[in-house]
Amino acid sequence: MTTTSHELNDPRKIARRRRVFFTLVFMITGAATWLMADLLWRFDGRLAPLECAMLVLFVILFAQIALGFVTALTGFFISIRGGDRRQIANTIAPGEPPQLAGTAIVMPVFNEDVSRVFEGLRVVFRSLQETGRLEHFDFFILSDSNQPNQLVQEEVAWVELCKQVGGFGKIFYRKRRQQINKKAGNVADFLRRWGRKYRYMVVLDADSIMSGDALVKLVAMMGKNPGAGIIQTAPRLVNGETLYARLQQFANRLYSPLFLAGLNFWQQDTGNYWGHNAVIRVQPFIEHCGLPELPGREPFGGRILSHDFVEAALMRKAGWQVWLAGDIEGTYEEGPPTLIDSAKRDRRWCQGNMQHSWLLLAKGFRPVNRLHLLMGVMAYVSSPLWLLFMMLGTVYAFGVANSHGRSMGESFAGALAAHGDASVFGMPMQAAEAFALFLLTMVMLFASKFMSVFLTLKNRDAAESFGGRKNLVASTLLEVALSVFLAPVNMLFHSKFVVCTLLGKGVSWVTQKRGGDDGTDWREAIITHAPHIAFGLAWGALAFYIRPVFFWWLSPVLAGMVFSIPISIGLGKLRFGRAAAEAGLFLTPEETRPPYELRRLRLNLEECYKQMRPLDVLRADHGLLQAVLDPYVNAVHVSMLRQKETSSEEAREYFARLRERLLFEGPGGLAQKEKVGLLYDAESMIWLHRELWRRPARDLAEWWRLAVRQYNVLTTTPVTALYR
């Protein structure tokens with residue numbers, strides 16, 4: 001089913017697809033709006049200001065639901081028909097020799113787990129090596145880390161990795177002194193220095209894994225489609241251990257194929273960029289994707305935090321295509337392990353996406369790119385709008401209850417019947433309309449899940465990859481139930497984030513937690529979720545006062561808020577995640593049939609963590625310890641420092657005092673900024689190494705005496721010294 005590049009970019013077919021898609025979205029939204037307007041109008045024969053506000057909010061929110069539903073429905077019909085010819089992957093014929101060119105694989109990092117970063121890089125390097133196409137690819141670790149331990153461990157890990165895989169001249173490490181504009185600035189700095197040496201660039205996150213076959217195919221697609229500027233893959237979530245992480249990766253793996261097929265149907269050559277696991281044509285990216293400075297100050301103004309959507313829009317504005325390659329296998333990433341960690345990540349994304357409101361009317365952007373930006377804004381703004389809609393609904397219910405008297409009974413049916421002049425299946429017209437609207441909304445919210453299950457169950461092999469048909473159905477039902485409880489908590493999180501952004505409260509750049517310890521502790525859960533519980537209890541009491549039946553209608557929403565602490569704690573526990581895996585729940589194909597790259601990564605990391613056993617008292621400054629104490633590490637570190645201009649006498653005296661303090665007081669007596677300053681000063685690092693081994697032990701701090709005694713234990717094998 002090969003498609004030529006010319007056929008793929010037929011503007012008439014693309015326009016026809018979008019007309020069909022958005023007409024269907026408009027028709028569904030229009031029908032639901034008519035039902036809602038008629039329902040509100042029938043109570044009083046008019047639309048009061050409160051009812052008008054509810055109707056406006058309903059249209060905005062239901063249009064978002066309709067867009068998602070039609071995307072999934074389109075993907076379902078495409079899957080039933082056997083696939084979509086108009087995918088960029090179809091421009092490569094089976095067995096066709098790939099057209100490759102110089103490609104930089106760049107991985108920006110910021111205080112990440114060094115073992116995970118470099119073992120992941122090792123896996124990608126080895127996988128590419130096995131394709132026989134490694135000569136076309138170079139690797140760059142672009143570090144913005146600012147912790148002393150990280151700086152040294154990254155350097156040592158880079159040298160060891162290069163020694164072990166023969167990577168000198170293929171794997172490069174760069175430490176940036178000034179962390180300007182975060183990840184986007186890091187990549188931009190790389191492009192200014194080295195970008196013109198490469199035709200393409202593949203951007204990876206610190207937790208990304210891509211197979212060699214996937215990378216070769218992506219670059220080959222670029223070569224076959226000279227008008228493509230960005231090709232974005234759809235990475236699978238993997239390696240989740242907590243129940244929350246397993247829940248997310250199960251949902252991602254089961255439901256995303258439907259949405260990806262639907263997205264490709266209407267996006268076509270105006271897709272989006274998600275910031276990683278994508279291939280980019282370097283020259284147009286350099287020329288056209290420089291990020292503008294937004295007017296005003298953070299959080300709305302200043303440098304753009306969420307750069308990827310904007311870069312896709314700028315690339316498309318310049319006439320280059322942006323494609324989604326959702327059917328490419330061998331592309332993976334990891335997700336946050338707990339609900340609270342996910343919320344912390346969303347806090348950053350919320351501010352970045354809300355900045356896009358400045359760009360919705362930017363000159364020259366394509367309509368589909370404007371829609372992408374709007375969808376990014378609405379991903380967070382919809383939460384406070386839903387909350388406002390339900391609050392107005394509560395006020396409206398209170399008004400209905402008072403206007404018709406509480407003696408009419410404990411259901412809305414009595415109030416509805418008071419104005420009923422027709423019936424449907426024995427129900428008053430208003431009750432029938434309300435039920436139809438509710439049913440339509442529920443179908444549109446959950447249909448995508450059950451369509452995905454239906455397609456998977458049709459294919460016996462696919463069902464077995466999720467643990468079998470029974471386990472697949474049970475996992476889906478549990479996921480649906482848990483998502484109902486999680487939705488109101490996320491609604492409150494996002495509402496708070498939007499309000500904080502509107503009030504001018506920005507966010508700092510912190511390392512994303514990707515796994516490790518056993519979930520959320522009780523103190524953090526109580527502090528984080530106490531406002532959710534208080535809000536849920538107050539809202540529930542008001543709803544019950546209005547009418548008990550109204551309270552029971554709201555109970556699924558209220559339950560998620562009231563029980564948010566045990567839900568958050570339980571979902572973050574490793575033992576619950578492992579128990580679910582043993583029971584065959586929330587399994588994914590990457591677990592039941594793990595690809596070679598993921599198996600290799602897991603084995604390497606298990607071996608790495610066994611080797612990392614420094615004493616607790618030394619662990620906090622282990623990187624600084626190695627750089628000063630170990631001759632090999634000291635030499636590597638000093639060789640990577642930049643040549644400095646002659647320092648002033650004042651600067652030399654300052655560093656001399658710091659060096660003496662470090663030897664006599666130990667690293668605990670220095671601030672982090674002072675430790676980093678010493679690490680960047682070559683003269684100080686050479687002096688410290690010499691003096692540490694020259695001076696008698698009695699002249700050193702107890703910390704250093706302990707470090708020397710443990711030297712053979714602490715430096716036996718670097719954390720990446722594996723040969724798989």
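The legends below describe close-up views of cavities and a pocket in a predicted model. Local features require pLDDT of at least 70 and side-chain atom pairs count only at pLDDT 80 or more, whereas totals for chains, interfaces and linings use all residues. Residues are numbered from 1 along each chain as its sequence is written, and side-chain values use heavy atoms, with hydrogens and water left out.

**View 1. The largest cavity and its volume.** Three cavities of 30 Å³ or more are found in a search of the whole structure; a cavity is a set of points, on a 1 Å grid over the protein atoms alone, where a 1.4 Å probe fits but cannot get out. The largest cavity has a volume of about 40 Å³, a volume being the space filled by probe spheres set on the points, which are joined across faces, edges and corners.

**View 2. Lining of the largest cavity.** Ser647, Ala651, Arg652, Phe655, Arg659, Asp681 and Glu683 line this cavity, each having an atom within 4 Å of a point. Helix H26 (residues 649-665) contributes the most, with four residues; helices are DSSP runs (H or I, at least four residues), numbered from the N terminus. The lining comprises two nonpolar, one polar and four charged residues.

**View 3. The second largest pocket.** This pocket holds about 770 Å³ of space; a pocket is an open set with protein on both sides within 12 Å along at least five of seven lines. Of its 27 lining residues, Ser79, Arg253, Pro257, Leu258 and Leu455 lie nearest its centre.

**View 4. Helices around the second largest pocket.** Helices H3 (49-80), H8 (243-267), H14 (429-458) and H15 (460-465) each give two or more residues to the lining, and H8 gives the most, with seven.

Methods:
Ala, Val, Leu, Ile, Met, Phe, Trp, Tyr, Cys and Pro count as nonpolar, Asp, Glu, Lys and Arg as charged, and the others, Gly among them, as polar.
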